[in-house]
Amino acid sequence: MNDLAALPTTRDEDWRYGDADYLASADPVALAHWRTLEVAPGETKCDCAVHLSGNEAKGLVDRLRVHVGKGGRYEHFATNAAGPYARYEIEVTLEEGAHFEFGGVTLGGGIKRQEFVTRTIHAAPRCTSNQVVRAVQWGQSVGNFLGRIEIPKDSQEVDAAQNFRAILLEAGASVNAKPELEIYADDVKAAHGAAIGALDEQAGFYMASRGIAPEVARKLLVRAFIADSFEAIGDENVRDDMLDRTLTLLDEAAV
Amino acid sequence: MLKIENLHATVGGTEILKGLSLEVNAGEIHAIMGPNGAGKSTLSYVLGGRPGYEVTGGSVTFGGVNLLELEPHERAAAGLFLGFQYPVEIPGVSFVQFLREAANSQRKSRGEEPLTGGEFLKLAKEKAALLKLDMDMLKRPVNVGFSGGEKKRAEMVQMGILDPKFAVLDETDSGLDIDALRVVGDGINAIMRAPGKAVLLITHYQRLLDYVKPDYVHVLAGGRIVKTGGPELARALEDEGYEAVT
């Protein structure tokens, strides 16, 4: 499994937006490591996390493999504000009637390169997934979302949705979105969408005309924008806490 | 209160305002009428400080301060209110949140204590009632899903809450039916008819002026004020058209 020759490079499709320098010097054993999580049939598990830059000088790759039993539900909500290179990868296998809910936000500036990579395997009929990813980037930063959805031929009546939107606060920042749908069953619903834009200038002026300072207006607009990703969090306090903790990082950005 | 002298302004490199002068004193209501493309909306955006509207000459003083040196949000805190012809929709931000932020931002910059949640809601309810706007609408995202008339009433609710010294109202009457026009007119009078306040009403039609009686009526054409008169001027314009009167 820990094949040294398999150290990924940005020539690999799944790593094409990764950090080439980091990958060249990465520890292959660490890179090949997957955390695992089992969600028992009928059970619900929810993970919420705000990832900040830690002690990693160059970057980190975090890989999580989840198996969701029949009728189970796995929810994962995360902000990726880490860097210089931070990749959070989730592979989920869904059994019959199971659901995967994912809300991700990449947010950062400088030269940060932040990515979410999901692989959703709809391994049985009638399982569902919903992914809402938002990116807010400034400086020279890059936000990436690679989302693969696999629906094999016997997985009928699957419903899979994926939505990505990005706001670039400054020229120089960028995002990459790569939806990848492999569908072999015929009776399925699979929706995906991606859009990239700037912060709404008209809304900014409207707010200013009412006395709201630009940095406060921006925070309100970004909050509304990323709130989509955390909308599915059932507990309002947890949702607000996620948003508040994510938004404090916006203060680093120049207005 | 507001003194505009020989104002020149460009939008996208094209000169729209070409030497506009106008003085509005406290306690007065002025109406500006004029044909399409005369520069009416440009005037309101220049006063509000909208990016992209570049002042190339002249001066604007507001309460003795050089208005043009202030950032848009500082102009609001100084007491200027802009009523938008096309109020902007802001999905995901509720009116209550938006207006409480606005009111408290203004109070903070004037060195006043912020309103508590309860104080703000009481004020918002009072002003919504004045404009006959359902309070539940203020719990919705800013202007999202509002009809044209509701947006205009919501603008006036905002004006009531923010309590400005000077209001520039850009075609606040457009999109209003007869009943809403009366409600909005009464609202403008209730909020802005006061000794220390003044209003600049930009309008195409006489009908709003039946409810909000102006002290002066100006005709704006070709980027400058070409004629000034009393309320009778608005009536003459309505009857005879801009070309005949000017």
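Author: In chain B, the axes of α5(B) and helix α6 (residues 178–192) come within 10 Å and cross at roughly 10°. Axes are lines fitted to C-alpha atoms, for helices over the stretch in contact, and angles run from 0 to 180 degrees between N-to-C directions. Helices (H or I, at least four residues) and strands (E, at least two) are DSSP runs, numbered from the N terminus. This is a predicted model: local features need pLDDT of at least 70, side-chain atom pairs count only at pLDDT 80 or more, and totals for chains, interfaces and linings use all residues. Residues are numbered from 1 along each chain as written, while chains are lettered from A and ligands numbered from 1 in the order written.

Reader: Why are α5(B) and α6(B) called roughly parallel?

Author: Angles under 35 degrees count as roughly parallel, over 145 as roughly antiparallel, 65 to 115 as roughly perpendicular and the rest as oblique. The axes cross at roughly 10°, so α5(B) and α6(B) are roughly parallel.

Reader: What makes Asp163(B) partly exposed?

Author: A residue is buried with 20 or more other C-beta atoms within 10 Å of its own, exposed with 12 or fewer, and partly exposed in between; C-beta atoms are placed from the backbone. Asp163(B) has 16, so it is partly exposed. Its loop lies between α5 (148–162) and β9 (166–170) of chain B.

Reader: Why does Glu157(A) count as partly exposed?

Author: Glu157(A) has 15 C-beta neighbours inside 10 Å, so it counts as partly exposed. Its phi is near 60°, a positive value in a residue other than glycine.

Reader: Which peptide bond is cis?

Author: The one from Gly83(A) to Pro84(A), with omega near 5°. Pro84(A) sits in the loop between β4 (73–81) and β5 (85–94) of chain A.
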